[in-house]
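This report concerns a single protein chain and the surroundings of selected residues. Please consult the sequence and the coordinates alongside the text.

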Amino acid sequence: MTVVNAASLFVPDAFPSDEVASIQQNRSIKGVVIDPKGIPVIGANVLVKGTTVGTITDVDGRFTLDNVPASATLVVSYIGFHTLEVSAKQASPLKIVLKENQQALDEVIVVGYGVMKRSDVTGAISSVSEEKLAKQPVSNISTALQGLATGVSVTSNSGAPGSAATIRIRGVGTVNDAEPLFVVDGMPVTDINYLSTSDIQSMEILKDASASAIYGSRGANGVILITTKKGTVGKTTVTLDAYWGASKILNNLDLMSGPEWYDYQTELNKYRSAPIDLGLVNRNTSTNWMDEISQTGFMQNYSVGVSGGKADDYKFNLGLNYISQEGTIKRTKYERFNVRQSSEKTVVKDHLVVGTNLSVAKSAATSISEFKSSGMYDADYGVMSNAIRLDPVTPAQNPDGTYGYSPYIDYYNPLASVMYGDRNIDKLAVIGNMYGEWQIIKGLKFKSSFGVEFRRVDSKSFSPVYQVSNSQKNLESSLSKSHINGSYYTFENTLSYDRKFGDKHSLSAIIGYTNEWGKRETLGVSGYDFIGESENLQYIDATLDKNKITGNNSATEYGLISYLGRIHYDYADKYLITATFRRDGSSKFSKSNRWGNFPSFALGWRIDNEEFFKKMKANWISSLKLRAGWGQIGNQNIGSYVDRSLLSLWAQYGALFGARENETLYQGIAVRRLGNPDIKWETTESFNIGLDASFFNSRMIFSFEYYYKTTRDMLLAAPMPVYMGYFDNTYTNIGEANNRGIELNLEWRDRVREFEYNIGFNMSTIRNRMTKLNGGTPISDGELRQQYVTYTNEGMPIGAFWGYKTNGLIQTQAQLDAVKKPGVQPNAELGDILFVDTNGDGQLDANDKCMIGNPIPDVIYGFNVSMAWRGFDLSFQLGGTLGNEIFNAMRYYTYFPNDITNKDRDLLNYWTPQNTNTDIPRLTGTDVNDNDRISDRYVENGSYLRLRNAQIGYTLPSSIAKKMKMQNVRFYISGQNLFTISGYSGLDPEVGQSTSLSRGVDYGIYPQSRTFTGGINITF
């Protein structure tokens, strides 16, 4: 919401000169343009209305226009000021005073439990406007945030339609759940997938502790505040937004064709003790598995909005949205329909207002096999990983319509996996709140709000009877269904006070009490051997064998009670102080550690309002503010009851009693997970210093931040030794991590006659380190073929890549003699990989493993440009990362020379005594040198630059729109992911993550797509 509290001024005056205006039909007009302080406005546009005749003011604010008709009107405009229209009949020379448009300074942004003028903000807060979000044709609004806010990393976990993205604010502060807290219209919610971009009015990202401490135990990973569209006073307005588009998969792989692979294996057979039989395949078969499983995905989106209201009476807003998106992989699709309403009623003028917000969203998604049941990427049986690894001489389908299979390896035919798979997820979300606000006396308000969040997730997976090969088969039809019901409630009560004392003192304060509680219940059932495979028979009761039905049912509950307070003091619009305190009590911790206290403190200094600054006459500086903040915030993102031991009645865990002859066998109870009553709050302490400035009459906007953030007592389900006999890991406070960096935002906005433009650049740096592990064992993750590729230890980034360093290939006999010895590389030969003895002990073993890459970018950046001229508009957004690495797990197969998976074309350049100028090892029947061990050969530069979005539009002239009974009509075309500059050899350099510990490991995930859309925006 913006507040404009001024109007433009025009003051006719005469210059102290002898010039006298001529009275004639066309004449020359001279003048000067100044601001209310008398300072010349440089570069202001002076245009004869309805023509292209115009000029701009010089360094003294002066201008001259020749041959101006006496009946003409001059339009004077400049960024940061109200536009003014002046009659040419006025006596020349003119003195034109433009009054500042206070929008930039008086813009009101949402903060925790309230709003605040941007000029009064002392914390680190980034804002993303409705206009920027609306230009992103995406099904998930988290993806739309990419590149739009400093300090915010948004990474797509999958290119599947409707899939969510991972959001990290100022690095990875924990090895636990690092998701930020989402607050929609003042109500905390579990996720934001139910919203569409057409629902959003604004988004604020609270990045430092001084801004997010008001949310206490859940603000450690940052807070994203979302305000949905509200009603406005005035005539009812109806909007229609629609777009249609098509997508193609992004595929950067360069794999061998069928003949290339066949000839490569022919050469490799010369080195094998048991050559493979190439007579089993046809050399001329050349299957491009990515082409076989992909398609052109079509999408459509429709949004309708209705808004209106009456002053001092009511306001309302209604939004409807439908989106349908086909995936670029066959048989994947996403559909969602959502309805959102917001209404507010003034019951007693100036005293009592009541209102409601309600969203109902229903979605349906069809997916492929991409993840394991644990939620980790499936590198063994996932559709994408098999499409990358399976040899190209295996036909996708045989002439008789059956699916082909490899005679050499048991990898699944990915096309068969897609066509036989039937995975559906239906979701229903009903989320809303109702509130009342009573102004007791002027400035003193009491607000009470009650919110509910109901969620239901229904999943179904059906597998028919089929047999592609001895490994890829299902001899008995199977059906699995699960139902997840969640109900969450929020009851909040706040008392706020806002008052000015005299001319210099301003005070704003709030205290409050909140209570949150909820329950989540899961019901799952599976059955086998069904009477048929048609959809109307895919019910558990249709099984032919009731003994093959299994089920499970569980539930968890939680509660959170909080007391909060904040005070903000402003002296003379120069000195700003903000102090916040919150005390939380969570049911997720034992009684001895249940309560946590989270304070914060911030200062701001409006330097531009100081007398000494005004005397400097630095007129090119429009505003200048220095701010600093400190605070502590918490993290309770763990499951319920982890402080207590978990007992299990499951037969595979429980002890059995009564095993002697003629005795009944009884099922016992076993401890599945050991509880830890000593776990306590994970606490993040941060320090932030920032500088906000604007220059050249607010044409240039600048913001700089430095942050230092330390997370202590990190919560993690630490691995337990197998011999202890516990199936699940025990949660404990394991250590400490640190993130620090800088953030920079720079924006230039200007207008030259009828041409308006805006150029923005933002960047963030991150340095992440695990500083303490409390004597614990380093954490390994990122499993790949019974090995781990990430390692988290003191002094290293969280989830760093871990393995052997290499030094090229063994090229000379001297190099071979130096390493071909027991304990080093005893079986090495010329052309093998040379591994580095990093600790210098003369041995090559696990002690030589070290950090070989960092998945966390050094720099995240975005570049945004928009421009408009005579109804035409153009915008584009670029963004990417610098300094991060990717562990290409698919290279474990495509770059390993000695097996029968598909290969990258680079392997055609393998080492021979005649071809030594290469980094591809020699061919050998068996890998006696263990060339494929986890090493830096699989680590690649993950830096990239991507044109994420480009859009060109045209708005019809208002005269034409009005003839069509419309206020505004705009047409546009846009493209997403139009190009990517990257040296990465995998599918896509934007690699998602299963957990914070496996970030940047590319297991072969559903890639992003290139999309082209066309649409229309209409306001009635």
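The sections below treat the chain as a whole and then turn to individual residues.

## Basis of the model

The model is a predicted one, in which local features need pLDDT of at least 70 and side-chain atom pairs count only at pLDDT 80 or more, whereas totals for chains, interfaces and linings use all residues. Residues are numbered from 1 along each chain as its sequence is written, and side-chain values use heavy atoms, with hydrogens and water left out.

## Overall architecture

The chain contains 12 helices and 58 strands. Its radius of gyration is 33 Å, close to the 31 Å that the globule rule gives for 1020 residues, so the chain is as compact as a globular protein of that length. The radius is taken over C-alpha atoms, and the globule rule is 2.2 Å times the number of residues to the power 0.38. Helices (H or I, at least four residues) and strands (E, at least two) are DSSP runs, numbered from the N terminus. Along the principal axes, the C-alpha trace spans about 110 × 70 × 65 Å.

Of the 1020 residues, 52% count as buried; buried means under 20% relative accessible area, exposed over 50%, and partly exposed in between (1.4 Å probe, protein chains only). Among contacts (heavy atoms within 4.5 Å) between residues at least 6 apart in sequence, 69% join residues at least 24 apart.

## Surface and charge

The chain carries 100 positive and 105 negative charges, whose mean positions are 7 Å apart. Lys and Arg count as positive and Asp and Glu as negative, while His and the chain ends are not counted. Each charge is placed at NZ of Lys, CZ of Arg, CG of Asp or CD of Glu.

## Two buried polar residues

Glu990 lies in the loop between strand E56 (968–982) and strand E57 (1001–1002), and is buried at a relative accessible area of 5%. Its side chain forms a polar contact of 3.2 Å with the side chain of Arg946; such a contact is a pair of N or O atoms within 3.5 Å, where within protein one must be able to donate a hydrogen and the other to accept it, and residues adjacent in sequence count only if both atoms are side-chain atoms. A polar atom of the Glu990 side chain also lies 2.9 Å from the backbone nitrogen of Ser156. Beyond its neighbours within four places in sequence, Glu990 is in contact with Gln146, Val154, Thr155, Ser156, Tyr944, Arg946 and Ile1005.

Thr765 belongs to strand E41 (residues 755–765) and is buried, with a relative accessible area of 18%. A polar atom of its side chain lies 2.9 Å from the backbone nitrogen of Ile742. Not counting residues up to four places away in sequence, Thr765 touches Tyr707, Arg740, Gly741, Ile742, Asp858 and Val859.

## Positive phi angles in loops

Most residues other than glycine have a negative phi. Asp350, which is not a glycine, has a positive phi of about 65°. This residue lies in the loop between strand E20 (333–348) and strand E21 (352–367) and is exposed, with a relative accessible area of 54%.

Phe696 likewise has a positive phi, near 55°. It is placed in the loop between strand E36 (682–695) and strand E37 (700–712), and at 32% relative accessibility it counts as partly exposed.

## Local contacts and separations across the chain

Thr683 is found in strand E36. Apart from neighbours within four places in sequence, Thr683 is in contact with Gln632, Ile633, Gly634, Thr710, Thr711 and Arg712. The C-alpha atoms of Thr683 and Tyr791, 108 residues apart along the chain, are separated by 23 Å.

Leu415 is part of helix H8 (residues 414–420) and is buried at a relative accessible area of 4%. Its contacts, leaving aside neighbours within four places in sequence, are Glu292, Ile293, Lys330, Ala396, Gln397 and Tyr403. Val68, in strand E4 (residues 62–69), is buried with a relative accessible area of 1%; its C-alpha atom is separated by 80 Å from that of Val642, 574 residues apart along the chain.
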